[in-house]
Amino acid sequence: MAHRVLIPTPLRPYTGQKDAVEVDGGTVGEALASLTTNYKDLRKHLYADDGKLRHFVNIYVNDDDIRYLERDATKLKDGDVISIVPSVAGGAPGPALGEAQSAESKGTELNKAEFERYSRHLILPEVALEGQKKLKAGSVLCIGAGGLGSPAALYLAAAGVGRIGIVDFDAVDASNLQRQILHSTPDVGRPKLQSAKDRLEALNPEIKIETFEARLTSANALELFRGYDVILDGTDNFATRYLVNDACVLLGIPNAYGSIFRFEGQASVFATKDGPCYRCLYPEPPPPGLVPSCAEGGVLGVLPGVIGTIQATESIKLILGAGSTLVGRLLLYDAWGMRFRELKLRRDPACPVCGDHPTIKQLIDYEEFCGVKPAPAGSATVPETTVEELKARIDAKAPIFILDVREPHEYQVARIAGSTLIPLGQLDSRYGELPPASAGREIIVHCKSGVRSAKAVNLLKEHGIEAKNLKGGILAWIDKIDPSQPKY
Ligand code: ZN
């Protein structure tokens, strides 16, 4: 029987960039075996060493999660579509918190200027005056003023949500402008919060903008979230995603969730009274480094515009208490193929935070949970070298082999002269192209910033090949050694 497996962008490096693959098999297990036989490098991304499907990868048949069918034994009909749905983190760089500006209590009557401003809402029977007053009395806290937070905050402000909080601690960088439309060219170097506040207040002076300049942590999340009607999650890392989720569940505040990666986005609404939460969907985060960030993997600039706008839409409906929200549904958007799909989500009665017998009753250490704590001194990390050491060794004509594990299009932008390109996704099958140990050449591996190359060093080690990771990657090389090359 023939079936189609839809391959999400993070896994396409292992399928030769194919977005869908035909497979055979009578069950999901057989179909995935057929897939990983044809694409061997996919295997370790889908299965853990014990042969079980990894927890941060969900498999759907048509729109149903196989965990609620018969898992691997789920039978397939001819033409069934199997979706691999890994967790993706993407959003704004970093969680952020700080000086709260106290919310003044607002009357919810509209003034004359507001009647004019919101006239297109007022003539919609589904919103009307009563709905507009609800929006005015409503509040949304945006975590991050980046790719997702930008369109979300702009539309929430335009729509008249009376109190909009923003948590961020970053400054505007030139590389943000391709998608973070809250910020403009003259804002480069300014704190994102200032730039966001100026822009939103110019758009709608009738509403209150609250800014919190800090990193969101377990110590401040509950205090920050309390009093908001909706939390809009626009973060870019797993530790903060789980923190936002758990804080929303504990406080009973809905989480308008969105995430983006390259050309694909996800959106849903978590942590409503009877709906699922992010942990019901992904009980465990991927190991650090397995899923690249947007800074490593890139993102189509307009993609967060779509997903962030969907998050704003959901927030508005939650405040209005009307319309059909994404509670119980995961919306998937593929900008490159221009397709929307949706998958059913269920609350997991065994979920550690929102299940029937929760074990997480207060916020935990999310960096530890996600395995991103800096390794203690003296523990095993990958061997490293610096760009200064590399330059000195090149100048001394030392016997070295520079391995670049980025993608070919990145190599076109900038490279270290004399390096050999083998993309990380191909390394497992091409490591034989490296010089043998007997050649006496030290292997130095680099990528853009050092994350993928650290994985490469570990992978080579599994094959008995010693190598060193270039700390900071080619970005550090350009910063410190060769500023003539462009950074990306
Ligand atoms: Zn849950």
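Author: The axes of H6 and H12 come within 7 Å and cross at roughly 40°. Axes are lines fitted to C-alpha atoms, for helices over the stretch in contact, and angles run from 0 to 180 degrees between N-to-C directions. Helices (H or I, at least four residues) and strands (E, at least two) are DSSP runs, numbered from the N terminus.

Reader: What kind of model is this, and how are residues numbered?

Author: This is a predicted model, in which local features need pLDDT of at least 70, side-chain atom pairs count only at pLDDT 80 or more, and totals for chains, interfaces and linings use all residues. Residues are numbered from 1 along each chain as its sequence is written.

Reader: Which handedness does the crossing of H6 and H12 have?

Author: H6 passes H12 in a right-handed crossing, meaning that the near helix is turned clockwise from the far one by less than a right angle.

Reader: Which residues make the contact?

Author: From H6, they include Gly149, Tyr155 and Ala159; from H12, Pro304, Gly308 and Ile316 are among them. Contact requires C-beta atoms, placed from the backbone, within 7 Å.

Reader: How many residues of H6 are buried?

Author: In H6 (residues 149-159), 9 of the 11 residues are buried, that is, with 20 or more other C-beta atoms within 10 Å of their own, C-beta atoms being placed from the backbone.

Reader: What follows H6?

Author: Gly160 follows, and its phi is positive, near 95°.

Reader: Turning to the sheet, what is the strand order?

Author: The open sheet has 5 strands in the order E2-E1-E5-E3-E4, with mixed pairing; strands pair if DSSP finds at least two bridges between them.

Notes: A residue is buried if 20 or more other C-beta atoms lie within 10 Å of its own, exposed if 12 or fewer, and partly exposed in between; C-beta atoms are placed from the backbone. Two residues are in contact if their C-beta atoms, placed from the backbone, lie within 7 Å.
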